[in-house]
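Work through the exercises below with the sequence and the 3D structure open. Each task is followed by a solution in steps.

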Amino acid sequence: MGLVRSPIYFRLIFRQLLTIGYFSLPVVAMTAFFSGAVLALQSYNGFSRFSAESAIATVVVLSMTRELGPVLAGLMVAGRVGASIAAEIGTMRVTEQIDALFTLSTDPIKYLVTPRVLAAVISMPCLVLIGDIIGVMGGYLVSVNKLGFNSVAYIKNTVQYLESMDVISGLVKAAVFGFIISVMSCYHGYYSDKGAKGVGAATTNAVVSSSILILISNYLLTQVFFS
Amino acid sequence: MTRDIPKQVRDDSLKLQTYKIMTNNIKIKVRNLHKAFGNHKVLDGIDLDVKKDSSLVILGGSGTGKSVLIKTMIGLITPDKGSVLFDDQETVNISGKERLKILENCGFLFQGGALFDSLNVMENITFFAQKLRSLNHKDQKELANQKLKSVGLSDRILNLYPAELSGGMQKRVSLARAICTDPKIIFFDEPTTGLDPIMANVINDLIIKIRDELGATTVTITHDMHSARLIAKEVSLIYNGKIQWSGTKDEMDNADNPYLHQFVNGLSTGPVEV
C-alpha cells in the first residue's frame, strides 16, 4: 500500500504510460498481426485434413484473446520496456542518482518504481486489447485474401463463440504481466551491482525473470479462469 | 548570593554550564559508529563531532571509508552499530519518513555530480524546491537562474541536459541543486576530484562563498590537501576505520600524529600502509 501513498507523481505516471504503453504499440501490433496471420495459415493446414476449416476463425479469436495476445504482448514488452527500465534505474544506481533522490528528501521507490508499476498495469491491458483486435484482423486478412474464406462468414464465426470471459481473462492476464514486468525490472535495476557489468546483468536478469514469471503465471491464471 | 554557595557546588555548576554550551554547539554527533561489508571492517568505532557553523574536512586516503562515513551519517548506508545525532536527534534506525524530514535541512554534493539524466538543468536545480513549494514555471526559472548565478554559471544552460555539460559545469549545477533550498548542513563528497586545478579552485571558492552566505555547517571529505587547507576550519583524519586525529586547521601542521604527518606531507613511508 505504501507504493501508492502520497505523494503520487502524476506527471511521471503519464510519461511512463507513453513509454510503456504508447511506444510499445507498434511492436505489439506487429507481433499480434503476424501471429494471427500465422495461426490462420497453420490452422488451415491442419483443419483442412478433417474438413473443419470453419473452425479457423474461432481458433484464431480464442487463441488470440485467451493466450497469444497477452503472452506475446507480455514477452515483447518485457524485452522492450523491462530491459529499458532495468538499464535506466541501474544506471541511476551506479551514478548515485538514486542516492541523490534520497538526499533531496524524495522516496526513490515512490518516484521511480510506483509510476512505472502503475503505468505498466494500466497500459498492458490496453495494449493487449488492441493486439487482440489486430491479431484477429491478421487472421481475417489471410483467411479471406489467401485462403478464400467468405468475409461475412468469417466475421460471423469469429464472434459466434467468443465470450466476454475470453477477453476479460486476457486483460486480467495482461495487467498481471504488466505488474510482473515492472516490478522485476525495477527490482533488478534498483539493486544493480556497480559498473557497466552490473547494469548489463540487471538488464538480462530483468528480461529473463519477467519472461519466465509471465509463462508461469500464465499457466496459473489459465487454470484459475478455465479449469 | 554567590558567596553563600559552597565552592564545590559552584565548580560543578560551572562545569555543567560549560558542558551544556559545548554540547549545544554541536550540530552532528557521531558515536561508536561501526560498519562492515562482509569481513571487511570499514568503520570501526568512529567518534566525531561537527560543530555548528563549522567547516569540517575529513581527510583520508582512497578506500579508508570516507565515503562510507559520510553516507552513513546521512542514512544512505545503515550502520551495524553506533549513533548519529543531528541537533541531538537520533537518526539511526528511524523511519524513512522521519529521515526524509531531517534531510530537508541538508544538501549533498556527490563526487560525480549525480544530476538526473532525464531532467534539464532547471528541473535538476529546483527539484526539491519544486516538491516543497509547487513552483510555477516562472518562479522555477527565476530560482534556477538565481542559483546558477551564485555558482557562476550563465542562464543559457537552463534548458540543457546533464549530458550536454562539461564535468566542471555538472559539478557546479550539482552544487546549485544542493544549495537550492538554503540547507543548514551541506555535505561535500570529494568536491574537487576529477577536475583540473583551475576548476578545482573555482569549486573550493564557491564552497567557501556559499558556506559563508548561507551560514551553513559543512562536512567535506577529500584527499586533496590543497582543497582541505582552503575549505577547512576543522580537520579529522580517518584511517583503519577510526578517526586518528582531530583538530583545527592551524593545529594540523604542528600536530605530532604520525598518520597525519605522513598524509599531510604525502610520504610513502609511515604508519599508513601504501
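**Exercise 1. Describe how helix α5 (residues 108–145) of chain A and helix α6 (residues 151–160) of chain A pack.**

Step 1. Two packed helices are described by the angle between their axes and the distance between the axes. The axes of α5(A) and α6(A) come within 10 Å and cross at roughly 145 degrees. Axes are lines fitted to C-alpha atoms, for helices over the stretch in contact, and angles run from 0 to 180 degrees between N-to-C directions. Helices are DSSP runs of H or I with at least four residues, strands are runs of E with at least two, and both are numbered from the N terminus.

Step 2. The crossing of α5(A) and α6(A) is right-handed. A crossing is right-handed if the near helix is turned clockwise from the far one by less than a right angle, and left-handed if anticlockwise.

Step 3. On α5(A), the contact is made by Val136(A), Tyr140(A), Ser143(A) and Val144(A); on α6(A), by Ser151(A), Tyr154(A) and Thr158(A). Residues are in contact if their C-beta atoms, placed from the backbone, lie within 7 Å.

Step 4. By class, this contact of α5(A) with α6(A) has four nonpolar, three polar and no charged residues. Ala, Val, Leu, Ile, Met, Phe, Trp, Tyr, Cys and Pro count as nonpolar, Asp, Glu, Lys and Arg as charged, and the others, Gly among them, as polar.

The model is predicted: local features need pLDDT of at least 70 and side-chain atom pairs count only at pLDDT 80 or more, while totals for chains, interfaces and linings use all residues. Residues are numbered from 1 along each chain as its sequence is written, and chains are lettered from A and ligands numbered from 1 in the order in which they are written.

**Exercise 2. Describe how α7(A) packs with helix α8 (residues 195–226) of chain A, and how α7(A) packs with helix α3 (residues 56–94) of chain A.**

Step 1. α7(A) and α8(A) pack at an angle of about 155 degrees, with their axes 9 Å apart. This makes the two helices, α7(A) and α8(A), roughly antiparallel. Angles over 145 degrees count as roughly antiparallel, under 35 as roughly parallel, 65 to 115 as roughly perpendicular and the rest as oblique.

Step 2. α7(A) passes α8(A) in a right-handed crossing. Among the contact residues are Val172(A), Val176(A) and Phe177(A) of α7(A), and Leu213(A), Ile214(A) and Leu221(A) of α8(A). The classes in the contact of α7(A) with α8(A) are twelve nonpolar, nine polar and one charged.

Step 3. The axes of α3(A) and α7(A) (residues 164–190) come within 8 Å and cross at roughly 15 degrees. α3(A) and α7(A) are therefore roughly parallel to each other. Their crossing, α3(A) with α7(A), is right-handed. The contact of α3(A) with α7(A) has 16 nonpolar, eleven polar and five charged residues.

**Exercise 3. Give the strand order and pairing of the two sheets of chain B.**

Step 1. Strands of a sheet pair through backbone hydrogen bonds, either parallel or antiparallel. Two strands count as paired if DSSP finds at least two bridges between them.

Step 2. Six strands form an open sheet in the order β6-β7-β8-β3-β9-β10 (chain B), with mixed pairing. Its edge strands are β6 (106–109) and β10 (242–248) of chain B, each pairing on one side only. Neighbouring strands of this sheet are turned by 15 degrees against each other on average, direction ignored.

Step 3. Within this sheet, strand β3 (residues 55–59) of chain B and strand β9 (residues 234–239) of chain B pair in the parallel sense over four bridges. Leu56(B) has Glu234(B) as its bridge partner in β9(B).

Step 4. Four strands form an open sheet in the order β2-β1-β4-β5 (chain B), and the pairing is antiparallel. Strand β1 (residues 26–37) of chain B pairs with β2(B) over nine bridges. Ile26(B) stands opposite Lys51(B) in β2(B).

**Exercise 4. How many helices and strands has each chain?**

Step 1. Chain A has eight helices and zero strands.

Step 2. Chain B has eleven helices and ten strands.

Note on methods
Two residues are in contact if their C-beta atoms, placed from the backbone, lie within 7 Å.
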